[in-house]
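Please read the following report alongside the sequence and the coordinates.

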Amino acid sequence: MKMPRLKIGRKPALILGSAALLVIAAVGGGAFLLLSGGEELHYKTQAALRKALPVTAAAELHQHGVRLGAPLRCADLPGWTKKKMRVSCTGMTSDEKPVEVIGSGEQETRRNYYTILVDGRPVVENASCLGADCRKQEG
């Protein structure tokens, strides 16, 4: 048994095709934003990350009730590149416990990750923001 063919004119076909393309573009764009999270790097260069990390990490520690004995000292981690930024900060709490902060940023994924250890124990693990940067994200 043969199925009847659906006949459609040129104008309706063009309208349907255009509508289908718009739907595909909208769904694709929405999927991209969903997967990328629409995120931006807080710090686009290694120098900017290195400069900001001691301040944002100290603010984050303060929110967790940890007081620093002196400002954190930060340095570039070996192997960092323009596309994969890596910074480490060290210091001591006011009660002489070691503090280590690791911050990273990746251009490709447009994501930041931060981890803070106090006396070898995680206070923050793989957070996407620290201190005031988190409030900027929420707003």
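This is a predicted model: local features need pLDDT of at least 70, side-chain atom pairs count only at pLDDT 80 or more; totals for chains, interfaces and linings use all residues.

Residues are numbered from 1 along each chain as its sequence is written, and side-chain values use heavy atoms, with hydrogens and water left out.

**Sheet and helix**

Helices (H or I, at least four residues) and strands (E, at least two) are DSSP runs, numbered from the N terminus. Two strands pair if DSSP finds at least two bridges between them. Five strands form an open sheet in the order E1-E2-E3-E4-E5, and the pairing is antiparallel. Strand E1 (73-76) and strand E5 (121-127) are at the edges with a single partner strand each, so one side of each has no neighbour in the sheet. From one strand to the next the twist averages 10 degrees. Axes here are lines fitted to C-alpha atoms, for helices over the stretch in contact, and angles run from 0 to 180 degrees between N-to-C directions.

Strand E4 (residues 111-118) and E5 run antiparallel and are joined by four bridges. In one of these strands, E5, Pro122 is the bridge partner of Leu117.

Helix H2 (residues 46-63) lies across E1, strand E2 (84-92), strand E3 (98-106), E4 and E5, and runs at about 40 degrees to E2. Contact means heavy atoms within 4.5 Å.

**Nonpolar core**

A nonpolar core is a set of buried Ala, Val, Leu, Ile, Met, Phe, Trp, Tyr and Cys residues joined through side-chain atoms within 4.5 Å. Buried means under 20% relative accessible area, exposed over 50%, and partly exposed in between (1.4 Å probe, protein chains only). The largest nonpolar core has 20 residues, of which Leu53, Val99, Val101, Ile116 and Leu130 touch the most other members. At least two residues of this core come from each of H2, E2, E3, E4 and E5, and H2 gives the most, with five residues. Leaving aside neighbours within four places in sequence, the contacts of Val99 include Leu61, Leu68, Leu72, Cys89, Ile116 and Val118.

**Ser88**

Ser88 is found in strand E2 and is buried, with a relative accessible area of 14%. Not counting residues up to four places away in sequence, Ser88 touches Arg73, Cys74, Ala75, Leu77, Glu100 and Val101. The C-alpha atoms of Ser88 and Tyr114 are separated by 9.8 Å, with the two residues 26 residues apart along the chain.

**Disulfides**

A disulfide is a pair of cysteine sulfur atoms within 2.5 Å, and by this rule the count comes to two. With bonded cysteines counted along the chain, the pattern is 1-2, 3-4.

| Disulfide | S to S | S-S torsion |
|---|---|---|
| Cys74 to Cys89 | 1.8 Å | about 100 degrees |
| Cys129 to Cys134 | 2.1 Å | about 110 degrees |

The torsion of Cys74 and Cys89 makes that disulfide right-handed, and the disulfide of Cys129 and Cys134 is right-handed as well. Cys74 in strand E1 and Cys89 in strand E2 are 15 residues apart, and the pair links distant parts of the chain. Cys74 counts as partly exposed at 22% relative accessibility, whereas Cys89 is buried at 0%.
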